[in-house]
Amino acid sequence: MKIVAVHSRFTGSTHAIALMLLDEIGRLEPGAQIDEFCVAGFKPCVGCFSCFANGEDTCPHYAEVHPIATAIEQADVVVLDSPTYVMGISGAMKSFLDHLAYRWFAHRPHPSMGKKIGVAISTTGGSGVRGVTKALKAQFFGLSMAKYYRLGFSIMAFNWGDVNPKKKARIERAVRRTARRVVALSGKAKRGLFLRLLLWGIHFMQQKNDWFPLDHQWWKDNGWIK
Ligand SMILES: Cc1cc2nc3c(=O)[nH]c(=O)nc-3n(C[C@H](O)[C@H](O)[C@H](O)COP(=O)(O)O)c2cc1C
């Protein structure tokens, strides 16, 4: 089992919960291979459209994006974590995720995505956490992954050390529950009906796609269109 965790920061409460999840998965599945990346300081997408039109290797930030994108393609489980900043996901995580637009279902979804499980993690001081885990879940959906879990907590604290012990115990229970589900489902997850229907609809669009020939060719090469 391969897991990739993309952290917004290598510190903080959200990161602490992500580590808790990785530890628990590692305990349940001792052979699990865990790759971790941190996107703090990631350069924003410049909006050049070159990934769509000329290939992802022409992105000005390809050197930074490629290792993480490859690890995601090779993983069974993808963990994305972001603190809640002004009711939304961190700028660093958004900057990274924008670079994966070429892998969205309407473009060049990777064939390996169909069995992947995503876990979205966030914490907030007070409010906004549901919106963040929902936004991260939308990324898993866009990447056409099979199954998603959300771990979002309002921790009422500025740092992990100050979190009320009862709340920490509740978080630990939720994390353990999610880890058990992830391990049980790993390799067996299947896309939901809505996403399958959407991909079926897009295959018609791709047959006529002359605006991004690379996307058209990708669908052809993968045998999804004639
Ligand atoms: C720039 C910034 C924006 C924040 N925005 C919100 C917010 O909109 N709502 C909220 O309840 N807490 C907000 N917080 C508090 C954080 O969500 C909270 O402390 C969170 O647990 C931080 O996670 P971290 O320790 O993983 O960085 C904000 C904190 C920062 C630094």
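Reader: Which helix gives the most residues to the shell around the ligand?

Author: Helix 1 gives the most to that shell, with three residues; helices here are DSSP runs of H or I with at least four residues, strands are runs of E with at least two, and both are numbered from the N terminus. The model is a predicted one, in which local features need pLDDT of at least 70 and side-chain atom pairs count only at pLDDT 80 or more, while totals for chains, interfaces and linings use all residues. Residues are numbered from 1 along each chain as its sequence is written.

Reader: How many residues surround the ligand, and of which classes are they?

Author: A residue is near a molecule if its C-beta atom, placed from the backbone, lies within 6 Å of it. Here 18 residues surround the ligand, and the closest are Gly12, Thr14, Pro83, Gly125 and Gly126. The elements giving two or more residues to this shell are helix 1 (13-28) and strand 4 (117-124). Sorted by class, the shell has six nonpolar, 11 polar and one charged residues, where Ala, Val, Leu, Ile, Met, Phe, Trp, Tyr, Cys and Pro count as nonpolar, Asp, Glu, Lys and Arg as charged, and the others, Gly among them, as polar.

Reader: Why is strand 1 largely enclosed by the rest of the structure?

Author: A residue is buried if 20 or more other C-beta atoms, placed from the backbone, lie within 10 Å of its own, exposed if 12 or fewer do, and partly exposed in between. Strand 1 (residues 2-7) is largely enclosed because five of its six residues are buried.

Reader: With which strands does strand 1 pair, and in which sense?

Author: Two strands pair if DSSP finds at least two bridges between them. Strand 1 pairs with strand 2 in the parallel sense over six bridges, and Lys2 stands opposite Gln33 in strand 2. The chain crosses from strand 1 through helix 1 to strand 2 in a right-handed β-α-β crossover, meaning that, with the strands pointing away from the viewer, the path from the first strand over the helix to the second runs clockwise. Strand 1 also pairs with strand 3 (residues 77-81) in the parallel sense, over five bridges, and there Val4 has Val78 as its bridge partner.

Reader: Which residues of the largest nonpolar core touch the most other members?

Author: In soluble globular proteins, nonpolar side chains tend to be buried together. A nonpolar core is a set of buried Ala, Val, Leu, Ile, Met, Phe, Trp, Tyr and Cys residues joined through C-beta atoms within 7 Å. The largest one has 49 residues, of which Ile3, Ile17, Leu21, Val77, Val78, Val79 and Val119 touch the most other members. Helix 1 gives the most to this core, with six residues.
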